[in-house]
Amino acid sequence: MMETAEINQVKKIIENYYGIAGEVKKLPGELDLNFFIESKSNEKFIFKIANEQEERLNLQLQNEVIKHLSSGKIGLQCSVLRLSVSGEEILHLSIEGLGKRYVRLLTWIDGRVLANVNPHSPQLLERLGEMCGHLCEALKDFNHPAAHRFLKWDPSQTVWTKEHLSKFIGAQRDIAVYFYSLFEGVALPILPQLRRSVNYNDANDYNVLVSHDKNDPHVSGVIDFGDVVHTHTVNELAIAIAYAMMNKPNPLEAACHVVRGFNRVFKLTESELKVLYTLTCARLLISITCSELNRLQHPENRYLQISDQPAWDLLKKLKAISPVLAEAMFRHACELVPHPKFLFFETWAKANYKSSVFPVSMTGAAAWLDLSVGSLDLGNTQELLDADKLDERISSLLGHHSSEVILGKYNEARAIYATPAYEVTTNDGPSWRTVHLGIDFFAQAGTSVCAAHDGVVHSFANNAMDRDYGPTIILEHFISPDLTFYTLYGHLNKECLSQLTIGKKIKRGDVIGLIGQRNENGNWTPHLHFQIMLDTLGHQGDFPGVCEPQNTRVWNSMCPDPWLLLAGINSPEEKSLSKEEIVSFRQQHLGKNLSISYKQPIKMVRGAGSYLIDDTGRRYLDTVNNVAHVGHEHSRVVKAGQRQMAVLNTNTRYLHENLVMFVEELLATMPPQLNVAFVVNSGSEANELAMRLAKTYTGQKDMIVSQVGYHGNTNGCIDISSYKFEGKGGKGKPDYVHVIPIPDTYRGLYRAEHANAGSQYASHVKQAIDWLQQEKKKPAAFIFESVISCGGQVELPSHFLKEAYAHTRAAGGVCIADEVQTGCGRAGNHFWAFQEHQVVPDIVTIGKPIGNGHPLGVVVTSQALADAFKNGMEYFNTFGGNPVSCAIGLEVLRVIKDEKLQQNAQAVGDYLKSRLRAQMKEFEIIGDVRGPGLFIGFELVKDRITKEPATRQANYFANRMRDKGILMSTDGPYDNVLKIKPPIVFSKANADFLLESIQTVLSEDVMQVD
């Protein structure tokens, strides 16, 4: 039928047989025809015309299931059958163009299909699992004769696909054969042991409905009961997982969330967990087989092939995952011991450890190195990732111990693995395999390595890539029919491999190799990596020696602590405060208004360039900590401070050349009129001193400031910071402070379309001065951030500063440029942001970026102001200008110059802004992009005309970026401006990662504006 004719005919059927008049819309369907009906009284229905092969008994089955579910309280919305005017559930009608068909009318369940929900968050996937669990719980006591049938979509019936495997060719055939063999070898023998019930059997992402709540979506129900069948109960979950994994970077991660939710409602048995992964893959095998058959039989029907490519893509990923690992992950999601043999091994090892020997001979007590992410022994991250320097550092640490053999810890998260070689993909950005799964035995190259226990050679290989294992041996140890385990010996010498054959018997204590030199052991400090595995997961001569932190418990179960085998106890753990303990202490014993970033706080223990690294070794791209100006823990800056700190640190009453060299280098970046410096400890202190200078010079006290301006946290700075005194807890401005409108041409009084907006904003400075003069007063100073930060990264309009300065100076006032956040090359075009406006301030204040996070600030002024300040009262600052701070500040200035970081700020900043502006064309929520160099803000609005701030979305955005490994925060009067002011070593590659993540989050449902 033509669609218009179909709709008209359906309208007549609905009116004649159900007494309902309304609008009709056709819906997609595989075999049945489905129509959405909205009556004139706003009732909503789905009208279903069954395919011509459909049997009435199957429709009766569907109806009975629907009635059974709707009669119970399962926390899901369920359709209700609408009887015809003659009281029938099913009608058998002659329909023009279709012949005799069965038809039914059901109430509509409101919601979005899961396929159209973005993102599929862990919480939503768990709710999907819970929904499937509720279905199983509700249907476990339901039966119907029509449910006992063959259904090709039933994973338990996958045998039917075997005769069609030959239809696939090349790599696709390899994939199909692999998963059929998995089904035949793993699932078929266990199926008779599994629970059976009537299953809904079709929780695919187009049948699962989700609520309209974008921020906290719930799974509201399911539609389409055409695949109801009596089968193994676990298939309900397997089918949901199969579709939930599609289009996910890390499908197994997504599957675990669904399993966790399902098990919370409907407990899985160990037998079901053993076959769950295989049955999930079987459902996908069925899907691609049906698609292949449909392609041959119905090439014109695109709907039949809707899941074809995603299923193939998913199967390619799943083929690389060991079923044993998948089972362990699922068991962990169900709060079971991940590897079923772990407890058996642990008990055996504790009782029999004396039957094993140390793989490297040890005398005396064990000495352990601290190689953790936060280790203070390893030093700077840039050097830690350099193989030569890391070797020097570890060798130096080894030299401090009297033992011949020093140990590296099991289950330790290490920053040395937070590199691209160990990067893994999660569904929310990158992670790194940082947690060490073995024990290191550091000893001289050439030290003998012995078999720890009787066994045979399982496999061996030379993993010769840089930072790999080098020569590696894996031994197999058969203990009993219930326990076999494996030991791995990595970083050996090349010669040892030539003496081995697979299956060769090895006795405990037999020398199997020597600790290798760096040039043969993977380029590591000579040591043995010793590891235990309860399964090799199909690996030969190699096995992961580190794991991602989020899956540590799974891998700990798969790879038990080697100390159990060697000493009968667990190896010592590093004691440190958990995040919860730190938060609790802060809440009890630190200032109550000390804030913590993000809903899920992060315990940071290391910095490196544009990144901060948490206690698990996860790297976070830092786009907000502009204080780490030339990069977190820049090695040159660190070294400069360490060298001077080791020699002398004292005050400026003694002579030291560091103060001279630092100030000389700093003044060289300033206009020549600004040639006197006061070195202090922070931006707040710099602004306090600037006010004293201005008030002393002018004999006045009144200050002209910006709305939403921020200048520091001291009493004096709070008094002139509108952001504070007009915000929460503020008490309003003091009488001597005069606030002018924020010169914001996006949402301020005078916008970009206003002619001479800068002059108009500057006129408010003149108005404040006029009022002062009426009161027979004069301004002490006009203080302004060169780019307004807390106000929302607001660039000052042209002519504003020049005219504001003119008005101020004409009235006898002093002009202060607050460059605490914007200086030292960050603005790109100029070293100081005020230079963009062709003005020369009377005072410039500089904050912690000049010390790269070290407490250092500077006030730079003219000779005239400095002379006026010399009024007989000594200005002394105990730590201001000390040799250590000056050494650090000097090195920061030199690094900016040597590494051309000002130019980098300009180039990368321009690139970021151009790409963000391109994203504005796609995402209406971005209202404005602004800021010089690497001092950028983009403002989120619900409407570009009204500029209604999208505050809730901005908060969601910042927290979602944290999930993806990017640190961002909000600013502006409405907290709707995302600020980007990273260390100015921020690279184009960093920018691309940031932009890609911004694109992803902006595409999510919460970020869409109606």
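Contact means that heavy atoms lie within 4.5 Å. Helices (H or I, at least four residues) and strands (E, at least two) are DSSP runs, numbered from the N terminus. The model is predicted: local features need pLDDT of at least 70, side-chain atom pairs count only at pLDDT 80 or more, and totals for chains, interfaces and linings use all residues. Residues are numbered from 1 along each chain as its sequence is written, and side-chain values use heavy atoms, with hydrogens and water left out.

The description begins with the sheet. Two strands pair if DSSP finds at least two bridges between them. An open sheet of mixed pairing is formed by 8 strands, in the order β11-β12-β16-β23-β20-β19-β18-β21. Because β11 (368–369) and β21 stand at the edges with a single partner strand each, one side of each is left without a neighbour in the sheet.

At the β21 end, strand β18 (residues 455–463) pairs with β21 (residues 505–506) in the antiparallel sense over 2 bridges. Here Gly455 stands opposite Ile506, and Val456 stands opposite Lys505. Strand β18 also pairs with β19 (residues 470–480), again in the antiparallel sense, over 7 bridges; Asn462 has Pro471 of β19 as its bridge partner. The hairpin of β18 and β19 has 6 residues between the strands, and in this hairpin Arg467 takes a positive phi near 65°.

Helix α10 (residues 342–352) lies across β19, β20 (483–490) and β23 (527–533), and runs at about 75° to β20. Axes are lines fitted to C-alpha atoms, for helices over the stretch in contact, and angles run from 0 to 180 degrees between N-to-C directions.
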